[in-house]
Amino acid sequence: MSHAAFLQLVLDDEITRAIDALPEDYRLAVVLSDVQGLRYAEIANILGIPEGTVKSRLFRGRRVLQKKLAGSAVEMGYLKARPAIAG
């Protein structure tokens with residue numbers, strides 16, 4: 001297995017764990033949108049909720065994922081570390 005393939009496997013595993021750890025409402029919206037590629041209207045129909053609620057759950061779920069995965073993204077060189085704010 002190449003180094004790149006190994007890193008992709010580790011990253012995929014970490015993303016999967018982070019998605020699995022989301023609250024169910026957020027997880028369902030994120031999986032249907034970002035994994036399955038469904039549109040807001042389709043997700044709203046499947047979940048029986050308004051489109052605005054779908055958008056809100058996606059926003060919140062993605063924000064949780066971003067916070068959980070930011071450290072790994074920095075370690076792997078995908079993001080630059082933010083300087084600490086002096087307080």
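The chain exposes about 6,400 Å², and carbon and sulfur atoms supply 55% of that area. Accessible areas come from the Shrake-Rupley method with a 1.4 Å probe, and for residues only the protein chains shown count as cover. The model is predicted: local features need pLDDT of at least 70, side-chain atom pairs count only at pLDDT 80 or more, and totals for chains, interfaces and linings use all residues. Residues are numbered from 1 along each chain as its sequence is written, and side-chain values use heavy atoms, with hydrogens and water left out.

**Overall layout**

- The chain has four helices and zero strands; helices (H or I, at least four residues) and strands (E, at least two) are DSSP runs, numbered from the N terminus.
- Along the sequence, the pattern reads α-α-α-α.
- Of the 87 residues of the chain, 23% are buried, where buried means under 20% relative accessible area, exposed over 50%, and partly exposed in between (1.4 Å probe, protein chains only).
- Among contacts with a separation of 6 or more, 51% are between residues 24 or more positions apart; contact means heavy atoms within 4.5 Å.

**Confidence**

- The average pLDDT of the chain is 83, and 72% of the residues score at least 70; pLDDT is the predictor's confidence in each residue, from 0 to 100.
- Confidence is lowest in H1, with a mean of 71, and highest in helix H3 (residues 40-47), at 98.

**Helix H1 and Glu-14**

- Helix H1 covers residues 3-20 and contains Glu-14.
- Glu-14 is buried but has no salt bridge, and the nearest side chain of opposite charge, that of Arg-17, is 4.9 Å away.
- For charges, Lys and Arg count as positive and Asp and Glu as negative, while His and the chain ends are not counted.
- A salt bridge is a side-chain nitrogen of Lys or Arg within 4 Å of a carboxyl oxygen of Asp or Glu.
- With its neighbours within four places in sequence left aside, Glu-14 is in contact with Leu-69 and Ser-72.

**Helix H2 and the residue after it**

- Helix H2 (residues 24-35) has Ala-29, Val-30, Leu-32 and Ser-33 as its buried residues.
- Gly-37, which follows H2, has a positive phi, near 80°.

**Nonpolar core and Val-54**

- The largest nonpolar core has 13 residues, of which Ala-18, Leu-22, Val-30, Ile-43, Val-54, Leu-58 and Leu-65 touch the most other members.
- H1, H2, H3 and H4 are the elements that give two or more residues to this core, and H4 gives the most, with four residues.
- A nonpolar core is a set of buried Ala, Val, Leu, Ile, Met, Phe, Trp, Tyr and Cys residues joined through side-chain atoms within 4.5 Å.
- Val-54 lies in helix H4 (residues 51-75).
- Val-54 counts as buried because its relative accessibility is 0%.
- Apart from neighbours within four places in sequence, Val-54 is in contact with Tyr-40, Ile-43, Ala-44 and Ile-49.
- The C-alpha atoms of Val-54 and Ala-29 are separated by 6.4 Å, and the two residues are 25 residues apart along the chain.

**Salt bridges**

- A search of the whole structure finds four salt bridges.
- Asp-25 and Arg-57 form a salt bridge, with the closest N and O atoms 3.8 Å apart.
- Asp-25 is in helix H2 and Arg-57 in helix H4, so this pair ties together parts that are 32 residues apart in sequence.
- Asp-25 counts as partly exposed, at 40% relative accessibility, whereas Arg-57 counts as buried, at 19%.
- Asp-34 and Arg-62 also meet through their side chains in a salt bridge, at 2.6 Å from N to O.
- That pair links distant parts of the chain, with Asp-34 in helix H2 and Arg-62 in helix H4, 28 residues apart.
- Asp-34 counts as partly exposed, at 43% relative accessibility, and Arg-62 counts as partly exposed, at 35%.
- Arg-39 forms a salt bridge with Glu-42, where the closest N and O atoms are 3.8 Å apart.
- Glu-42 is partly exposed, with a relative accessible area of 31%, while Arg-39 is exposed, with 57%.
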